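Student: I would like to take a close look at a single part of this model, the surroundings of the ligand, and I would be glad of one connected account.

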Amino acid sequence: MPGPNAAAEAMRSTGSPRGGERHDVRVVCAPGLERVVVSELAALGLAARRPGQGVVPVQMSTRELYLATASLRSAARVLVSAARFRAATFAELERGAAEVPWGDWLRPGQPVRWRVTSHRAPLFHTGAVAERLAAVVGSGPAEPGATDVQSVVVRIVGADAVVRVDAAGAPLHQRGWRLRPAQAPLRETLAAAALLASGWRTDEPLVDPFCGSGTIAIEAALMARRAAPGLQRGFAFQGWPSFAPGTWASVREALRGALRVDGPSPTIVATDRDRAAIDATRANAERAGVAGDIEVRRSSLSALVDPAPGRTGWLLTNPPWGGRLGGAGDLRDLYAALGTVAGTRLPGWGVALIAADPRLAGHTHLGLEPRLRTRSGGALVHLLVREAVGRSGG
Ligand SMILES: C[S@@+](CC[C@H](N)C(=O)[O-])C[C@H]1O[C@@H](n2cnc3c(N)ncnc32)[C@H](O)[C@@H]1O
């Protein structure tokens, strides 16, 4: 889990205005990653309340909202509570909606994507709820391809409606550096969560022998450079009428100031046997600004060598899963080979696998222990870890 990080240091150095407006925020993540989000928030100096499934509630100032949205690596969305009111009937819904200070978040006629859910509620027709809200607010339709769309999340439970505004816009795994779709790209947020939860320290060597499009290596290199994941993209909050450009400029300045631009970077190695994967890794790393920090090579697992003799590091990878390799026997052999390669060529190194099938991972015979369990692309995924020898924690 992360310790106090550069963003938090940057925040302290420029002074965090306490006392101003407080936002009731829900940080949304893939279920199973809540603990990682809580420790990321703690590293920013933010104390979360008790998480629910895939949701971490936390109070924030405007500055903290901008900072967290740009800094969190494992979160998917950041939602700000706008209103809570009774909505047992459409008349109540319309009355409640008319009281919401929409002008803080929406410009007149701005397209809105209404994400309405309803549980055990008299207002169960979510499409009709969205229509009424759009009529009250006077929002434009979120046509496919429309830019400048604000997402508004409306959750109705029984007679209670809660309205939340999405501060991020495009989901936070979209960092802005992924150039081309890879075969089975790992979500950036899951790669980051695995790095944070594994116990890898940002000065330790890291190897990903099944790098695909390079997600793990790139997220690792960005962490080692203390580069906030949101420095390369924009956020919905920048379009809000209540947007505070000076506060955002100072947050960005603090984040840029926290970047480790020079100084040694850890050894980070990304290899894959597939040429297209290696091309994608190179292009993505270039766009992420970390091409110089990653050794990218086309090679197969069997050719893996210790990139940092005399040091222990981490093999953190997302091996092939599913049927693409052919029969399950092939996959068992591949996992067994991974175990042999890790055990003989990287002795004492920590090993962390992001894998769909823990039984398959058992064929590594590395004594991997479950660390996280989450979902990715609808499938259950596990982070399985074996500590580096002589180290504990994580
Ligand atoms: C699940 S994908 C990794 C996806 C990656 N984490 C990403 O973010 O794009 C597994 C990768 O393992 C590679 N691979 C399969 N067998 C291999 C082997 N024997 N040696 C090296 N790479 C292999 C495939 O080419 C594929 O890119």
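Student: By class, how many nonpolar, polar and charged residues does the shell around the ligand have?

Tutor: This is a predicted model, and in it the shell around the ligand has 11 nonpolar residues, together with six polar and three charged ones. In total, 20 residues surround the ligand, and the closest are S213, T215, D272, L301 and N318. Three of these residues can be followed down to particular atoms. In the side chain of S213, an N or O atom is 2.7 Å from an oxygen atom of the ligand, and a polar side-chain atom of D272 likewise lies 2.7 Å from a ligand oxygen atom. With N318 the ligand atom is a nitrogen, which is 3.0 Å from an N or O atom in the side chain of that residue. The ligand taken alone would expose 600 Å², and the protein buries 93% of that area.

The structure has one cavity of 30 Å³ or more, and the largest cavity contains about 40 Å³ of space. Its lining is made up of five nonpolar, two polar and two charged residues, among them L72, R175, R233 and F235.

As to confidence, the protein chain averages a pLDDT of 92, and 91% of the residues score at least 70. Over residues 9-19, however, pLDDT stays under 50, and for this stretch the model has 16 contacts beyond four places in sequence. Where pLDDT is low, the predicted coordinates should not be read in detail.

Key:
Residues are numbered from 1 along each chain as its sequence is written. This is a predicted model: local features need pLDDT of at least 70, side-chain atom pairs count only at pLDDT 80 or more; totals for chains, interfaces and linings use all residues. Side-chain values use heavy atoms; hydrogens and water are left out. A residue is near a molecule or strand if one of its heavy atoms lies within 4 Å of it. A polar contact is a pair of N or O atoms within 3.5 Å; within protein, one must be able to donate a hydrogen and the other to accept it, and residues adjacent in sequence count only if both atoms are side-chain atoms. Accessible areas come from the Shrake-Rupley method with a 1.4 Å probe; for residues, only the protein chains shown count as cover. Ala, Val, Leu, Ile, Met, Phe, Trp, Tyr, Cys and Pro count as nonpolar, Asp, Glu, Lys and Arg as charged, and the others, Gly among them, as polar. pLDDT is the predictor's confidence in each residue, from 0 to 100. Contact means heavy atoms within 4.5 Å. On a 1 Å grid over the protein atoms alone, a cavity is a set of points where a 1.4 Å probe fits but cannot get out, and a pocket is an open set with protein on both sides within 12 Å along at least five of seven lines; lining residues have an atom within 4 Å of a point. Grid points are joined across faces, edges and corners, and a volume is the space filled by probe spheres set on the points.
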